[in-house]
Amino acid sequence: MNIEENISLKKLNTFGIDSKASYFTEINSNSDFLSLVQTPVYKNNPKLVLGGGSNILFTKNFGGLVIKNSLKGIEMIDQNTDHVWVKVNAGENWHNFVMWCVQHNYGGLENLSLIPGCVGAAPMQNIGAYGVEIREHCEKVFALDMENGKETVFLNKDCKFGYRESVFKHHLKNKFLITGVIFKLNKKPVFNTSYGAIEQELAAMGVKELSIKAISDAVIRIRTSKLPDPADKGNAGSFFKNPEVSKDQHQELKTKFEKLVAYPLENGHFKLAAGWLIEQCGLKGRCVGQACVHDKQALVLVNMGAAKGDEVYKLSEEVLQAVKEKFGVALEREVNIY
Ligand code: FAD
Ligand code: NAP
């Protein structure tokens with residue numbers, strides 16, 4: 001087990017923030033973790049499990065041990081006429097796994113193509129895009145207790161999945177290291193093209209017959225054209241969650257702001273497009289140091305070069321305040337702040 005000291009995290013987070021970790025190690029198996037748990041560095045320091053670093057903002061150096069989860073492996077464990085069950089280890093790259101599903105024609109995750117990061121972080125915030133969330137396909141999550149390394153299996157219901165939420169992001173935060181996930185996938189695909197942009201892209205691609213591959217290709221094309229590539233401009237995707245408001249608050253806002261972008265939810269509430277709210281505050285392109293609100297998609301904060309984590313954080317505070325003042329709506333950060 002190699003534990004390094006004073007390591008730069010710049011290449012390990014998609015914001016490209018140059019923070020340092022006092023200690024850093026990488027695990028490739030459960031037994032690596034069990035050995036790590038016995039070390040004095042592990043016992044005497046705060047810990048942070050890192051996947052692809054695409055949903056993290058480091059606002060300062062991390063005075064503890066960063067554990068990069070690199071557990072690899074994809075295995076089909078069961079099947080029947082309609083479904084396959086696949087166990088994927090946490091360190092697998094999410095998009096590569098989705099491409100594996102597309103290649104095998106296993107349906108369900110194609111709308112989640114091109115999301116950065118690792119499989120182990122996917123249950124953390126119940127990743128979602130274009131009308132699909134992993135809660136629809138996640139059957140079990142395997143995790144090791146950070147206290148003693150004991151394995152626990154969480155069933156779907158135990159994960160308490162919500163909109164960009166789960167038990168792992170809240171009261172079990174930093175308590176478990178996720179090692180793998182079992183997904184239930186469809187042999188007979190059920191296509192979801194409920195997001196208008198997908199329909200439009202499929203039409204532009206000249207697709208006559210829907211397929212898992214066609215939807216995945218469409219999502220990749222939309223995402224590539226709209227979202228800043230972290231390799232180009234550091235970012236962590238949507239910095240804020242889309243807020244949910246009551247029917248009455250929605251009505252009040254709609255009366256005041258005719259063009260309000262909102263979607264009805266099953267519980268009678270409405271989801272507001274946070275990007276639109278931020279844009280209406282005139283914040284597109286607003287910068288604090290080298291941290292800016294992206295000029296094409298206001299929900300994304302970008303590092304224009306050498307932004308510091310606290311600059312990104314200050315910018316996010318400005319956004320929260322401006323949206324609260326103009327619309328009376330409290331935005332919440334989606335990105336994990338350290
Ligand atoms: P990290 O950033 O490494 O970690 C995130 C959190 O999870 C941290 O708190 C970390 O401690 C914890 N964690 C990571 N791995 C483990 C583990 N094995 N066990 C326990 N805890 C762990 N998200 C969406 O939901 N939908 C999108 O469409 C989407 N698009 C994006 C587009 C771009 C360009 C970018 C940069 C990000 C996007 N994201 C999106 C956010 C991000 O990609 C996802 O949240 C992703 O799942 C994060 O994975 P990661 O491995 O990079 O996690
Ligand atoms: P978009 O298509 O411009 O839509 C703007 C917002 O409106 C989205 O946030 C989306 O909510 C909502 N929306 C659009 N069509 C909808 C519909 N038919 N029903 C319900 N809600 C609808 O969004 P975008 O920024 O280009 O992102 C496209 C998708 O990728 C979204 O699902 C988004 O969540 C996801 N994405 C996520 C991240 C991240 O870091 N979390 C980053 C990039 C993209 P939802 O966000 O709830 O879907």
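Where is the place of Glu165? Glu165 sits in the loop between strand 11 and strand 12, where helices (H or I, at least four residues) and strands (E, at least two) are DSSP runs numbered from the N terminus. The model is predicted, so local features need pLDDT of at least 70 and side-chain atom pairs count only at pLDDT 80 or more, while totals for chains, interfaces and linings use all residues. Residues are numbered from 1 along each chain as its sequence is written, chains are lettered from A and ligands numbered from 1 in the order in which they are written, and side-chain values use heavy atoms, with hydrogens and water left out.

Glu165 is buried, with a relative accessible area of 15%; buried means under 20% relative accessible area, exposed over 50%, and partly exposed in between (1.4 Å probe, protein chains only). Leaving aside residues up to four places away in sequence, Glu165 touches Met124, Gln125, Asn126, Lys160, His170, Lys241 and Glu332. Contact here means heavy atoms within 4.5 Å.

The strands can be taken next. Strands of a sheet pair through backbone hydrogen bonds, either parallel or antiparallel. In this account, two strands pair if DSSP finds at least two bridges between them. Strand 10 (residues 138-145) has six of its eight residues buried, so this strand is largely enclosed by the rest of the structure. Strand 10 is joined to strand 12 (residues 176-186) by seven bridges, and the two run antiparallel; within this pairing, Ala143 has Ile178 as its bridge partner. Strand 10 also pairs with strand 11 (residues 151-155), in the antiparallel sense and over five bridges, with Phe142 opposite Val153. The hairpin of strand 10 and strand 11 has five residues between the strands, and Gly149 there takes a positive phi near 80 degrees.

Axes are lines fitted to C-alpha atoms, for helices over the stretch in contact, and angles run from 0 to 180 degrees between N-to-C directions. Strand 1 and strand 2 (residues 20-27) run antiparallel and are joined by four bridges, and Glu5 has Tyr23 of strand 2 as its bridge partner.

Gln38 is found in the loop between helix 1 and helix 2 (40-43). With 53% relative accessibility, Gln38 counts as exposed. Between Gln38 and Phe176 there are 16 Å in space, C-alpha to C-alpha, and the two are 138 residues apart in sequence.

Another open sheet is made of three strands in the order 14-16-15, with antiparallel pairing. Its edge strands, each pairing on one side only, are strand 14 (244-245) and strand 15 (262-264). Three bridges link strand 15 with strand 16 (residues 270-272), and these two run antiparallel; Tyr263 stands opposite Lys271 of strand 16. Helix 6 (residues 247-256) lies across strand 14, strand 15 and strand 16, and runs at about 50 degrees to strand 16.

Strand 19 (residues 300-303) is covered on both faces: Val300 and Val302 on one side, and Leu301 and Asn303 on the other, are all buried. Strand 13 (residues 234-238) runs antiparallel to strand 19 and is joined to it by three bridges, with Val300 as the bridge partner of Ser238. Strand 18 (residues 291-293) likewise pairs with strand 19 in the antiparallel sense over three bridges, and here Val293 has Leu301 as its bridge partner. Six residues lie between strand 18 and strand 19, which form a hairpin.

Finally, there is the matter of open space. Rolling a probe the size of a water molecule over the atoms shows where empty space is left. The second largest pocket has a volume of about 160 Å³. Of the 14 residues lining this pocket, Ile17, Asp18, Ala307, Lys308 and Gly309 are the closest to its centre. The lining divides into four nonpolar, five polar and five charged residues. Ala, Val, Leu, Ile, Met, Phe, Trp, Tyr, Cys and Pro count as nonpolar, Asp, Glu, Lys and Arg as charged, and the others, Gly among them, as polar. On a 1 Å grid over the protein atoms alone, a pocket is an open set of points where a 1.4 Å probe fits, with protein on both sides within 12 Å along at least five of seven lines, and lining residues have an atom within 4 Å of a point. Grid points are joined across faces, edges and corners, and a volume is the space filled by probe spheres set on the points.
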